[in-house]
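Welcome, and thanks for taking a look at this protein.

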Amino acid sequence: TRKRQVSGSGPPPSTFFVAAGATGDPHIIGAQGQRFDFFGKSNEIYTLFSAPQFVVNMQLMAQGPKDKFIDALFVHVRNVTLRFDTGTYKADKLQGRINKQLHGVDDVHVVVKPYRSEIELCDGNRIAIEQRLDSDVLDHKKQKLFHLDVKIDVPGCHNDFGGILGETYRCEGEFKWDASREDSFHVRTGHDVSKDSKFSRNATCHDNAKVFAGLKIMSGSTGKNVQ
């Protein structure tokens, strides 16, 4: 069981994770504690969270139908797409690549540690990505599987949030998951967004001063790009 702490106003942090249980099916815990399964299609990409300033897409593993763990995550912000996957988690290599991508971008901060990356977007929206190792039976053989978990924290609710997880953060209405909508979150590439997304490359970071007031830059960040 993971403990979740509230940061700032609004709903508590949400976590998308893949359970290491018997089924291996993806499970989602929403902002208000909602729990539901997302199955999707093997090797396909879906919008997990979208805000006016950034988008988080996930790619499911090729194995299936039961073992659709997260194989890659794409964070699209300021016309830059940051890719995190199970094959490139050497901290120094990944940090160097991200630093080059974010050259000249002052409102995105990334700290890469062994098997974990921490991202802050617009001083208050935080994403934590972890590489995890589980065992499962594939082709009648017990094999080790590397996959990604992601935790997304935002300062408060917003009606422009979208995506599978992001919809649980909307201020108005009661969220109810409908599995028949899975295909509506499907996208072609890591930097695409689902049709209902309000993402804009020119969206200002501080569009709601009350939501973002008083929050500090993530611990370990330089205030610009991590060197």
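Two strands are said to pair if DSSP finds at least two bridges between them. Strands (E, at least two residues) and helices (H or I, at least four residues) are DSSP runs, numbered from the N terminus. The model is a predicted one, in which local features need pLDDT of at least 70 and side-chain atom pairs count only at pLDDT 80 or more, while totals for chains, interfaces and linings use all residues. Residues are numbered from 1 along each chain as its sequence is written, and side-chain values use heavy atoms, with hydrogens and water left out.

**The sheet**

An open sheet is built from five strands, with antiparallel pairing and the order E7-E6-E5-E4-E12. The edges are taken by strand E7 (80-85) and strand E12 (186-187); each has a single partner strand, so one side of each has no neighbour in the sheet.

Begin with strand E4 (residues 45-50), where six of six residues are buried. Here buried means under 20% relative accessible area, exposed means over 50%, and partly exposed lies in between (1.4 Å probe, protein chains only). A hairpin of three residues connects E4 to E5, and the two strands pair antiparallel over five bridges.

Phenylalanine 74 has arginine 83 in E7 as its bridge partner.

**The core and a buried asparagine**

Which residues touch the most other members of the largest nonpolar core? They are Phe49, Val56, Met58, Ile127, Ile152 and Ile164, in a core of 41 residues. Such a core is a set of buried Ala, Val, Leu, Ile, Met, Phe, Trp, Tyr and Cys residues joined through side-chain atoms within 4.5 Å. Contact, in turn, means heavy atoms within 4.5 Å. Leaving aside neighbours within four places in sequence, phenylalanine 49 has contacts that include Val56, Ile152, Val154, Phe161 and Tyr169.

Asparagine 57 belongs to strand E5 (residues 54-60). Is asparagine 57 buried or exposed? With a relative accessibility of 0%, asparagine 57 is buried. A polar atom of the asparagine 57 side chain lies 2.7 Å from the backbone oxygen of aspartate 192. For a polar contact, the cut-off is a pair of N or O atoms within 3.5 Å; within protein, one must be able to donate a hydrogen and the other to accept it, and residues adjacent in sequence count only if both atoms are side-chain atoms. Beyond four places in sequence, asparagine 57 also touches residues including Tyr46, Leu48, Phe74, Val187 and His191.

**The helix**

In helix H1 (residues 91-101), the buried residues are Ala91, Leu94, Gln95, Ile98 and Asn99. Seen down the H1 axis, these buried residues fall within an arc of 135°, so they line one face of the helix. The arc is that of the directions from the helix axis to the C-beta atoms. An α-helix has 3.6 residues a turn, so residues three or four places apart point the same way. The buried residues of H1 pack against E7, strand E8 (108-113) and strand E9 (116-121), whereas the face turned away carries the exposed residues Asp92, Lys93 and Lys100.

**The disulfide and some loop residues**

A disulfide is a pair of cysteine sulfur atoms within 2.5 Å, and by this rule the count is one. This disulfide joins cysteine 157 to cysteine 171, with an S to S distance of 2.1 Å. Both cysteines lie in the loop between strand E11 (141-153) and E12, so the pair ties together parts that are 14 residues apart in sequence. The torsion about the S-S bond of cysteine 157 and cysteine 171 is about 105°, so the disulfide is right-handed.

| Residue | Relative accessibility | Class |
|---|---|---|
| Cysteine 157 | 29% | partly exposed |
| Cysteine 171 | 39% | partly exposed |
| Asparagine 43 | 42% | partly exposed |
| Asparagine 79 | 53% | exposed |
| Arginine 188 | 71% | exposed |

Asparagine 43, in the loop between strand E3 (35-37) and E4, has a positive phi of about 70° although it is not a glycine. Asparagine 79, in the loop between E6 and E7, has a positive phi of about 65° and is not a glycine either. Arginine 188 sits in the loop between E12 and helix H2 (209-212). Between arginine 188 and glutamate 44 there are 7.9 Å in space, C-alpha to C-alpha, although they are 144 residues apart in sequence.
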